[in-house]
Amino acid sequence: MADTIPEFSVKIAETEEELRAAQALRYDVFVRELGGGGEMVDHEAGLERDRFDPYFDHMLVTDVAKGAVVGVYRLLRDDQAARAGQFYSEDEYDLTLLKASGRRLLELGRSCLHPDYRGGMAMFHLWSGLADYVEQHGIEVLFGVASFHGTDPQALANPLAMLHHNHLAPPDLRVRSKAFQSMDLVGVGDLDRKRAMVETPALIKAYLRLGGFVGEGAYIDRAFNTTDVCLVLDTARMNERQCRIYAGGRG
């Protein structure tokens, strides 16, 4: 018999138990799988957490039949960031341009899926839930750091250069890395475009399809064993086709 197609539900975590389920999935992906760490990571309980968790909304995608959280997204509006004292990614990027814009901001982070659900419908449900959240809160600009595995920029020269040459944010959205690592590592004429796309994580490619940009410079995050870029998505710049993709095909 063929496997049944999973049914998913999407919600914002409301209880400590739901938050712990999100942190447990994050631990499996970011710590066990990718070798990350952090001051507040609880290895005994298997939870990846930090001081920002109480301020974020945590979006959960659950496989209804199994009752298991299989996808998470961490969301921080500008009003929540004010209570936290900063946006999470301000440790890595100068966000002055975005914060001075007067527009409604939403920071995205800690996006991950259980390995068994990658490449399937779970990510669609995360995106659809995110679109609903953005509409509900009147969000105008979405941003957040996204990661390449590893901390050697030369090993990532092609994808980083591709982002720099083809997807650099316009001046009004061009946040800049605080510990600046140039992404201009390969000249346009020498760029291996096929290799660049293969080596670019699926989440980053998804933002690019939506018309997303990257900030100037990468950031080497040795605690998480990653090389980070800052993605910025301006909903006003999205065309009709991109909006349909982002909204999960509605409309």
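This is a predicted model: local features need pLDDT of at least 70, side-chain atom pairs count only at pLDDT 80 or more; totals for chains, interfaces and linings use all residues.
**Core**

I started with the largest nonpolar core: among its 41 residues, Leu106, Leu130 and Leu163 touch the most other members. For my own record, a nonpolar core is a set of buried Ala, Val, Leu, Ile, Met, Phe, Trp, Tyr and Cys residues joined through side-chain atoms within 4.5 Å. Buried means under 20% relative accessible area, exposed over 50%, and partly exposed in between, with a 1.4 Å probe and protein chains only.

At least two residues each come from β2 (57–63), β3 (68–77), β5 (105–113), α4 (121–137), β6 (141–149), α5 (157–167), α7 (202–209) and β10 (226–234). Helix α4 gives the most, with seven residues. Helices (H or I, at least four residues) and strands (E, at least two) are DSSP runs, numbered from the N terminus. There is also a second, separate core of 21 residues, including Phe87, Tyr93, Leu98 and Val141. In soluble globular proteins, nonpolar side chains tend to be buried together.

Numbering runs from 1 along each chain as its sequence is written, and side-chain values use heavy atoms, with hydrogens and water left out.

I looked up the largest pocket and got about 1,100 Å³ of space. Its lining has 48 residues, and Ser111, Cys112, Pro201, Ala202 and Leu203 are the closest to its centre. A pocket here is an open set of points on a 1 Å grid over the protein atoms alone, where a 1.4 Å probe fits, with protein on both sides within 12 Å along at least five of seven lines; lining residues have an atom within 4 Å of a point. Points are joined across faces, edges and corners, and the volume is the space filled by probe spheres set on them.

Strand β6 gives the most to this lining, with eight residues. By type, I have 30 nonpolar, nine polar and nine charged residues in the lining of the largest pocket. Ala, Val, Leu, Ile, Met, Phe, Trp, Tyr, Cys and Pro count as nonpolar, Asp, Glu, Lys and Arg as charged, and the others, Gly among them, as polar.

The second largest pocket has a volume of about 400 Å³. I found 18 lining residues there, with Gly38, Glu39, Asp50, Tyr88 and Phe224 nearest its centre. That lining splits into seven nonpolar, two polar and nine charged.

**Helix α7**

I went back to α7, where Ile204, Ala206, Tyr207 and Leu208 are buried. The buried residues of α7 pack against β3, β5, α4, β6, α5 and β10, with contact meaning heavy atoms within 4.5 Å. Just after α7, Gly211 takes a positive phi of about 90°.

**Single residues**

Ala122 sits in helix α4 and counts as buried because its relative accessibility is 0%. Leaving out neighbours within four places in sequence, I see Ala122 in contact with Phe8, Val61, Val70, Leu113 and Tyr117.

Ser177 is in strand β7 (residues 176–177); at 4% relative accessibility, Ser177 is buried too. Its side chain reaches the backbone oxygen of Ala218 at 2.9 Å.

Arg195, in helix α6 (residues 193–199), is partly exposed, at 40% relative accessibility. Not counting residues up to four places away in sequence, Arg195 touches Ala155 and Asn158.

Technical notes. A polar contact is a pair of N or O atoms within 3.5 Å; within protein, one must be able to donate a hydrogen and the other to accept it, and residues adjacent in sequence count only if both atoms are side-chain atoms.
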